[in-house]
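I opened this model to look up how some of its strands pair. My entries are below the structure.

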Amino acid sequence: MNTQYASFTCADARFYDVPWAAEPDPAHGPAADLRLPTGWTRSVNGPWLLLRTSGPLPAAGWKIHVSATPETYPAAVRTALEIGLGAGVALKYLRSRELVLWSQQKYADPSSAGKVITLYPDEEQLSAVLPRLAEALAGMPAPRVRGDRPVPGTPVSVRFGAYQGLWAESESGRLQRLRLQDGVARPDHALTPTGPPPAVVRRLTGEAPAGVLDLHDAELLHRSNGGGVYRGRTSSGDRVVVKEARHHYGTDADGVDGVDRLRHEWRVLQRLAGSGLAPEPYRYVEVGDSDFLFMQDLGGSAVIARAAREHPTRRIPAGAAADQDSARDYESWVERVHDSLVRQLRRMHALGVVHGDVHLSNVLDLGTFGARLVDFESSLLDGAGIGGAPVAPGFG
């Protein structure tokens, strides 16, 4: 399932639409009373409000991003607008707090997540604006923009990228994004600076200290805007599954982010430790801009994989009779998994835990060892949960 469909449920309770379809007139946003310099215009581009002069933008350059949480969004936008417009820099910003919340949800598009304002300076403007933004916004909590060079201790970051974009059809017939550089259209990922970063970028961003995560031979199992799930081993040889929560991402409608839910899952697993009902929790650490939960690698495979592969109706060729032996084997397996799951849920409830998101991807089949539940971020612990934790559609 493409989980990004969830973004299209934000605008209307009954119909799929882009999240910004229900947004009010931009004149009512955080900068409604801000007077534009003479000759400047406002224009709407999807979720963004673009402020610029009529002159052309450079093809590419060092873009400045300012990130924010839904709570810090109004102050961050006002400050960045005053500094940017005062220096004559073209820019765009997200039109509402609701769109900030949407961009930081668990299954939002990571390519634009975290950014609430983007400035398009030339090199002279960059040298003037970047230090002022960093000083004015220092200490403001905000998510890290993936792939950018951050200014430490601030919500400000920079990236070399296109100021103009094109869409073209590739050989496979799919649309791909192209960027202009030196008058030549190149794939988005191939755009690179023609020289070293400007002095102001090198001075303010430096080289961020790299955190060290004790995870080796890592295999990515799942990735979302909120983080990832990895399988690997520690330096002591333990086989582990590691769940990541990126700071200020994976935010739900109640303002609870992925870190809050991961800490809650850590507490739930500690309650179940030693029961054999869930992965054993090993440790919880913060490295860089993410939190990580290390837990036991139970092995096995998700029940949904075997259900999709061996369901009797999937194995019957058109017009053929059902294979009764295969159907009985499948039915026996389903009953075994079901019975194991029911016993575990009863024991879990007796320990004060309600899973809250039981579906086929969250059940592991361990063969003769029965089934086990994973992913406890939506659980209730002694009747208390954590915000409106996302659950699978049709389950929970």
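This is a predicted model: local features need pLDDT of at least 70, side-chain atom pairs count only at pLDDT 80 or more; totals for chains, interfaces and linings use all residues.

Entry 1. Residues are numbered from 1 along each chain as its sequence is written, and side-chain values use heavy atoms, with hydrogens and water left out.

Entry 2. I took helices (H or I, at least four residues) and strands (E, at least two) as DSSP runs, numbered from the N terminus. Two strands pair if DSSP finds at least two bridges between them.

Entry 3. I looked up strand β13, residues 239-246, and found 7 of its 8 residues buried (under 20% relative accessible area, with a 1.4 Å probe and protein chains only).

Entry 4. I checked the partners of β13. Strand β12 (residues 227-233) pairs with β13 in the antiparallel sense over 5 bridges, and Arg-233 stands opposite Arg-239. The hairpin of β12 and β13 has 5 residues between the strands, and Gly-237 there takes a positive phi near 95 degrees. Strand β15 (residues 290-296) also pairs with β13 in the antiparallel sense, over 7 bridges. I found Ser-290 in β15 as the bridge partner of Arg-246.

Entry 5. I then turned to an open, antiparallel sheet of 3 strands in the order β16-β18-β19. β16 (301-302) and β19 (371-373) each have a single partner strand, so one side of each is left without a neighbour in the sheet. β16 pairs with β18 (residues 363-365) over 2 bridges, and Ala-302 has Leu-364 as its bridge partner in β18.

Technical notes: Buried means under 20% relative accessible area, exposed over 50%, partly exposed in between (1.4 Å probe, protein chains only).
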